[in-house]
Structure formats: C-alpha cells, structure tokens
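Visitor: Hi, could you walk me through this one? I'd like to start with how you sort residues by class.

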There are 2 protein chains.
Amino acid sequence: MPTLDLITERDELNQVLPLRARVSELVRRTQEEVCAALEQVDGGTFQDYPWSQPSSGGGLSRVLQDSRVFEKAGVNVSDVFGHWSSDLGQSALGLGDGASLPELPFFATGVSLILHPHNPMAPTVHANYRYFELGEAAQPHAWWFGGSVDLTPAYLFDDDARHFHGVLRKVCDRHDRSFYPRFKRWCDEYFCIVHRKERRGIGGIFFDRLNEGNPEALYAFVADAAQAFLSAYLPILERRKDQPFTAAQKEWQAVRRGRYVEFNLLYDRGTQFGLKTIGLNERMLMSLPLTARWRYEYQPEPGTEEARLLDVCRVPRDWA
Amino acid sequence: MPTLDLITERDELNQVLPLRARVSELVRRTQEEVCAALEQVDGGTFQDYPWSQPSSGGGLSRVLQDSRVFEKAGVNVSDVFGHWSSDLGQSALGLGDGASLPELPFFATGVSLILHPHNPMAPTVHANYRYFELGEAAQPHAWWFGGSVDLTPAYLFDDDARHFHGVLRKVCDRHDRSFYPRFKRWCDEYFCIVHRKERRGIGGIFFDRLNEGNPEALYAFVADAAQAFLSAYLPILERRKDQPFTAAQKEWQAVRRGRYVEFNLLYDRGTQFGLKTIGLNERMLMSLPLTARWRYEYQPEPGTEEARLLDVCRVPRDWA
C-alpha cells in the first residue's frame, strides 16, 4: 500500500499529467484495492498474468480461481492503442452504425472485473470503468468515459438489491442528479438477453460515450464510482458467502451462469469488439464462469424463489 | 416401426410427391430411427416437445437429459417457411454477402441432432441434414441440400476417428468420389473456433448449397448419409460409454464443452440465422451441453492425452 506521502505526491503529479495517464493510474489503483480486499475475504491469492504487445498495448490480468469464496474472480486492467479503421464498424465504439469515421489513432484504458462466488446465495458482480480517446494524443477529436456496474444474483434478496442500487444512486447523485435514473435504465437496456426477453440480473448502472461538460468533473465521477464498488458489493458478499444451500440451488446458479455466458458471447460489446478487431482471447473470456449448465426447457415452478428472480429479470424494478 | 407394406406404399407415393415433402418425410424417419436406437443404448426415454406456428412452420424436438448414457441428447426436426427479405443477409443462407436477393418465399426442412454422453471417453457428435427452397413451391428459383456430421471427442482414440471417417468416406464414395475430400476439408474449415485457432473436434463432413446435377441423385446421397449416421457413431459409443475415467478427465471434458459453447454461440450459422431472423430460442440452443467449464489459462501439459487431442484440433489429420 502507498504511504500518505506517496499519495500526496501522486495527487500533485496528477495535476500536470494528461487525463489518459491519470485514468490509467486510477484503473491500476482500483485493481490493486479491489484485489487486496477480495483476497482478505477469500483467503486466497490472485495469480497475475501480465501481457504486453509493443504494437497494441499492455495490461495485467489477475485471477483467483476455485478458491475458498470465489469460483472465479478476474480483475483486468489494460491500456490499448492503435488505429481505428472504419471497417471495424462504429458499434464496437458505442457509436451508431450510421456515423462514418476516418482512420484515427485511438487509446483506451480501463479496468474490468467479474466475480463469481461459489455460494449460490452470493451474487455474481461485474464492474468496468474505461476511458477512450480518438484522434491525436495532444488534441483528441473525441474522448469519453464509459462504465458499468451490475449485479447478477441467482436468488433475489430485496435488501441486497436495495443496498447495491442505493450505493450506486448515492455516488451518482453526488455528481449529477440525472445520472442514476439515466444510467440505471441504460443498464437494464444493455444487459438484456434479447432472445430470452430477460436481463442477465438486477442491473445497476451503465454509461458510455460520456463526455458532456468538463472532463475533470467526469473523471471525478468515475473515480468516485470506482471507489464505491467495494462498498456496494462487499457487504452483500459477507452476508451471503457462508449461507447454507442445497444441491438444487447450486444447480439453479449454474443454469443462471449459462444465461450469463449467452449474454457475454452473443451480445456483449466487448466480445464483439474483440471478435471484429484484434481477435478474442483468453483474457476477454475471463468473464465466463467456471461452471455453467444448460438444462433443456428448465422453467421454475410459479411461486418459487427461482421464479421470483426470473420475474425481476423480465420486468426490472426500481430499487433506490 | 412401419410394416413392409407401408414402406412399399410409401416408396410408391414418393414417386409422385415433390422433393420437399420427401425430404420432410426422410428427416422424420431419421429422427425416429436415431431416437429408437439411442433409447436402446441408454435405457431412457426421449421427451417430446412438439411446436407449431401457423405462420412459420412446425417441428418436433426430442430430448433425453441427464439419463444413463447421455448427459444431453437432442434430436430436432422442423419444416419452416416464410419470406426471405434481403435485409436478413445472405450469409445465413450460406450465400456470399455480395449477392442481393429479392424478397422470396422460402421453405426449409431438416433434422439436427447433438449427443453429449456422460463418459468423457465417449465423444460428442453432431449431425444435420437439411433441404432448402427459395422461390415458388412449384418452381423454386433455388434449392439445395446441406448437411454435416462431426465428432468432438475429449480424448482421442485413433481407432474411433478412423472408423467414423471411414464410414463417412464410404457413404460419400458410393455417390461421388469428389464428395468426401471436399466435404472433409469444408468441415475442418467450418467448425473452427477462430479465436482459439482450433477446430471444435476431429471433423467429419460438411456441405452446403449442394445442388449440382440431379436432385434425385442428391436426395439419394443425403438419405444414404442420414442412414449411415448410426453405424458411424454407435460402435464408438458402445466401446466408450462404460470406460473408467477420473475426475480430472471429467473436468477436461467440461472444458472442451466450454469450447463447444463458444463455437455454437459465436460462429455457428444456425445460431446467427436465429439471432438475425426469428429470434433464438430454447430449441436452437438445444445443442449446448448440460455442463461446461471455463478454467482460466488452462493448458494441458505437453505429452499428455489432453495435449494430443489439442494437437489434432489445431492441425486436422486425414483419417480415411
């Protein structure tokens, strides 16, 4: 952990560093803090997989697998750069397909994490904070922030949902009171398993191409949201990680994880980005759970806890 | 089972029935024979899921799940029809994206089966035989046959691979000596998990848009190939279904099934067809295994049986 002196020094340094370098540093700090906290809860140690390609960037994947609390936990950071050519499509950039871009240099930095606990009462969670620049480094034609935090329980506990959304609403409201309602709805729209007409979980927030107003204010929001992740998730994990469960409940969790795989492989923008550009790789598929199940025509009985979860996946609710 | 009289009657009837009706009958007969044979091996009973939509067709899905020999076995037949509009894209039809089609009525009939046994020594197998018409029923502008049969072992037994490919080569050679070499190569190309640079298994045959020459001769080939499926697969299943295995081998099977899921959701033409047109549904996802696993950066040790399988998935071999 950095000493107080180092933090002060770094904050002073930040004043003169360009935004991209500061976000790059922010995502690394977030990775460090989140992994340290998760190691404390789990008792295990993350394995590090650094990567570096001179022509396209580098990063560090940290994975905790088949450990005490987590079936699979992955926390990735990366800085990637290159030239964006228009035949890569705009949708991977979160832009409409109508827009046509000239070939431009791009830079992206971000942290992406996904945690799949063993206990079916403890929800899966995903978070991602990223910053993108298109154009020359000194004077980018376009820049934006993106991010998402969403919760995917196999069993619904209203208290957990209220706590999770409550923390997200509070952090959003501190910066802009329009953020939470907009980003909550955007999240419900984005994490939709279209062919099943259900969301993959109970949502959270999602935003992309965020560049309205002052970059400093947006940086502050994203830093605040990244900081809030642990307080949104850890109390839920602590409550649920040792709760008793049955084999049937464990199986339902695996079925829900099958739905997670469907979303990530069929609809996720990051996966499609990888497929269309530099090729998918193990790192991008880190989000896939250790175990998943596809039971044919598996429909929970009405009135069960499993059916109650499906109900909120089908019709998102307001929790905060 | 139909009596001999009925068969004779049917054969006479066939002379006057249009091709589409005869293929539709062929795929139903194939489903019946395959399911009966599998029930005998497994001891379980297929569950039937008929479906029918006046505006788009109907079919019958038959599924055997978590049974004695099979973790999941599904055999689907369907007749679907509608209007093909050009914005659905041509690639789902197996045509180049360059071609542009006017809106035309289409009809498709086919059988599709996928068998995932419990025992990791017993390979997964997939087969599909289909017939497509584009244009008016009485005089279609285009018609073709398509099909594929491919084997996906978790452990490679050279004898099994030679037997499987041997049966396929024999049935191809009876009709056209160019078929097996072409369709074997096509299969290796099609069932490729591009981002992993590996095939999903050891291949078999794949063909699409087959309409060269006489439709009667092609019908005879497809009927013969459908008939040969059981003799290609059953002897292998019988040899392997009760072979002893370890927990580690069972886990490797689940990892390979994760790769199967990747192929089916990211690259399979049928899945993309469903996504782009009528929407994916449970039936189209029947091919997904009951269990799958994603272990991060799981690389088998050189020289192991697991590595030997990967070698042939990376560099396809000639088996017949």
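This is a predicted model: local features need pLDDT of at least 70, side-chain atom pairs count only at pLDDT 80 or more; totals for chains, interfaces and linings use all residues.

Visitor: Which element gives the largest share of the lining?

Guide: β4(A), with seven residues. At least two residues each come from β1, β3, β4, β5, β6, β9 and α7 (269–276) of chain A.

Visitor: Lots of strands there. In what order do they sit in the sheet?

Guide: The sheet in chain A is an open one of seven strands, ordered β1-β2-β3-β4-β5-β6-β9, with antiparallel pairing. At the edges are β1 (47–53) and β9 (203–210) of chain A; each has a single partner strand, so one side of each has no neighbour in the sheet. From one strand to the next, the twist averages 5 degrees.

Visitor: Can you zoom in on one pair? How many bridges join β2 and β3 of chain A?

Guide: Nine bridges, in the antiparallel sense, between β2 (residues 57–65) and β3 (residues 70–84) of chain A. To pick out one of them, A:Gly58 has A:Asp79 in β3(A) as its bridge partner.

Visitor: What about helices? Which strands does α2 of chain A lie across?

Guide: Helix α2 (residues 19–42) of chain A lies across β2, β3, β4 (104–117), β5 (124–135) and β6 (140–152) of chain A, and runs at about 10 degrees to β4(A). Helix α5 (residues 215–240) of chain A also packs on the sheet, where it touches β3, β4, β5, β6 and β9. The direction of α5 makes about 15 degrees with that of β6(A).

Visitor: Switching topic: what rotation superposes chain B on chain A?

Guide: One of 180 degrees, with 0.0 Å of shift along its axis and an RMSD of 0.0 Å. That is the relation of a two-fold axis.

Visitor: Which C-alpha of chain B is nearest the axis?

Guide: The one of B:Ala292, 2.6 Å from it. Both copies use the same surface, too: 100% of the contact residues of chain B recur in chain A.

Notes. Residues are numbered from 1 along each chain as its sequence is written. Chains are lettered from A and ligands numbered from 1 in the order in which they are written. Side-chain values use heavy atoms; hydrogens and water are left out. Two strands pair if DSSP finds at least two bridges between them. Helices (H or I, at least four residues) and strands (E, at least two) are DSSP runs, numbered from the N terminus. Axes are lines fitted to C-alpha atoms, for helices over the stretch in contact, and angles run from 0 to 180 degrees between N-to-C directions. Contact means heavy atoms within 4.5 Å. Copies are superposed by least squares on the C-alpha atoms of residues with pLDDT of at least 70 in both.
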